[in-house]
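Have the model open and follow along.

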Amino acid sequence: MNLADRLTDRIFATVGAAADELSRPCYAVGGFVRDLIIGRESKDIDFVTVGSGIELAEAVASRLGPRCHVNIFRTYGTAQIKRGGMELEFVGARRESYRRESRNPIVESGTLEEDIARRDFTINAMAVSVNSGSFGELVDLHGGLEDIRTRTIRTPLDPDITFSDDPLRMMRAVRFASQLQFSIDPATFDAICRNAQRIEIITVERIKDELCKIMRSPRPSIGLDLLHRTGLLALIFPELEAMAGVSVVHGRAHKDNFYHTLQVLDTVAAGSDNEWLRWAALLHDIGKPATKRYDERTGWTFHNHNFIGAKMVPRIFSRMRLGMGAEMRYVQKLVELHMRPIALVEDEVTDSAVRRLINYAEQDLDDLMLLARADITSKNEEKKQRFLENFDIVERKYEHIRSLDAERARRNPVDGNEIMHIFGLAPSPAVGMLVSTLKQAIKDCEIEDTRESALRFLIALAESHDIAVVNQPDFEEK
């Protein structure tokens, strides 16, 4: 197979000419070749030559002009050039061997065949020549082209050796299956199951990187289900693994919360590229295993699982190195609030209830409603449709309320100066307390935002703090 007609960027001819000048064979390899065949965009290109990759990179840079800079990593024998949004990596062909306690290989110079064979999967073990005499010719020694055709993830060599040498490749197999929506070859799948425990030598950061790539894939459930079925999930994400399975008491069972979560996650992923909303979907029921109870009258219950789940989010983010900033707080907030829209539609959908929801969710209300809609996975289509229609009512009401609020900036009907006049107070913490408590009461819809309601609330609040009215207020709207 010749791929010359797909190597349209002039960089390939430039690299090939530099390799020809050095009398070196040179190939684009790995994921770039896979994506080239699939038709998937790729901006990272790895070049392998027999000999010094650094020397080749310097020769390429000299052809690209004086403004081209080469980053050299002599420890690894690699070099990098960034050009026009592309990252070009250059390395000499090598072979690798491993010690059992580490995934860091012992590297020696090798042939192209040895370099290709050391790669993780057949779909990543192809090369395409950029030398002028063989430009575009595909080198496929392990059936990668056929595995792309059959949409299969398979190792080029013995999978037990492949995964034992570098256990991160087990996560990569799952990630590629999720990203490309390929299947894992049965022998490769079984080897992952046998070697799952080896994942314990991999750093949390590397595992997190692969997990985040799974979460960004079109259907994250593919990867998470594979992690579960191979035994990897129990080792890297025990809280999620704990959700799997169904308990039965007196013939009464609850739904499998793990697979319900995967369904919710895929629905959210279909509607949003927001990675952290996807994490909220993944974690929305994470508190259910800890709150699962069986009641003889009502059956299975998961009371307060949203609050327990929200408390678990910081621990999970910390352990998995996901960060403890705004993204974590956003996920925690949605996990805590995800039941509110459902509880709202089970009762009468009033303006005040919708306003409370708006005040709690604030700028994240649209994301919360997307999560709440995805959470309706009942097989009872009539029930499901009823909930979704009620959500439509909620969304119409909050759009109406938002438009009203946009017309008039929300304000306290009674400001701090008037509070000081009514109660004869100088600027003080007591005034601040009265102002902030009134604001919160209006925000939480405990009182209406009218002048009369605000004044009556303030007088009662002041009385409870032994603050007397000095000047009777005017209850008429100003």
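## Who touches His284

Setting aside neighbours within four places in sequence, His284 is in contact with His260, Thr261, Val264, His305, Val335, His338, Leu371 and Asp375. Keep in mind that this is a predicted model.

Where does His284 sit in the chain's secondary structure? His284 is in the loop that runs between helix H14 (275-283) and helix H15 (288-291).

Is His284 buried or exposed? His284 has a relative accessible area of 0%, and buried means under 20%, so His284 counts as buried.

Two polar partners are worth a look. The side chains of His284 and His260 make a polar contact at 3.5 Å. A polar atom of the His284 side chain also lies 2.6 Å from the backbone oxygen of Ala281.

## H13 against H20

Helix H13 covers residues 257-271 and helix H20 covers residues 365-374; the two pack with their axes 8 Å apart, at an angle of about 135°.

On the H13 side, the contact is made by Val264, Thr267, Val268 and Gly271, and on the H20 side by Leu370, Leu371 and Ala374. Sorted by type, the residues of this H13 and H20 contact come out as five nonpolar, two polar and no charged. As for handedness, the crossing of H13 and H20 is right-handed.

## H13 against H10

H13 has another partner in helix H10 (residues 220-230): the axes of H10 and H13 come within 8 Å and cross at roughly 155°. That angle is over 145, so H10 runs roughly antiparallel to H13.

Which residues meet here? H10 brings Pro220, Ser221, Leu224, Asp225, His228 and Arg229, while H13 brings Phe258, Tyr259, Leu262, Leu265, Asp266 and Ala269. The residues of the contact between H10 and H13 split into seven nonpolar, two polar and three charged.

## The chain as a whole

Zooming out, the protein chain has 24 helices and 15 strands. Of its 478 residues, 49% are buried. Among contacts between residues at least 6 apart in sequence, 66% join residues at least 24 apart.

Key:
Residues are numbered from 1 along each chain as its sequence is written. This is a predicted model: local features need pLDDT of at least 70, side-chain atom pairs count only at pLDDT 80 or more; totals for chains, interfaces and linings use all residues. Side-chain values use heavy atoms; hydrogens and water are left out. Helices (H or I, at least four residues) and strands (E, at least two) are DSSP runs, numbered from the N terminus. Buried means under 20% relative accessible area, exposed over 50%, partly exposed in between (1.4 Å probe, protein chains only). A polar contact is a pair of N or O atoms within 3.5 Å; within protein, one must be able to donate a hydrogen and the other to accept it, and residues adjacent in sequence count only if both atoms are side-chain atoms. Contact means heavy atoms within 4.5 Å. Axes are lines fitted to C-alpha atoms, for helices over the stretch in contact, and angles run from 0 to 180 degrees between N-to-C directions. A crossing is left-handed if the near helix is turned anticlockwise from the far one by less than a right angle, and right-handed if clockwise. Ala, Val, Leu, Ile, Met, Phe, Trp, Tyr, Cys and Pro count as nonpolar, Asp, Glu, Lys and Arg as charged, and the others, Gly among them, as polar. Angles under 35 degrees count as roughly parallel, over 145 as roughly antiparallel, 65 to 115 as roughly perpendicular and the rest as oblique.
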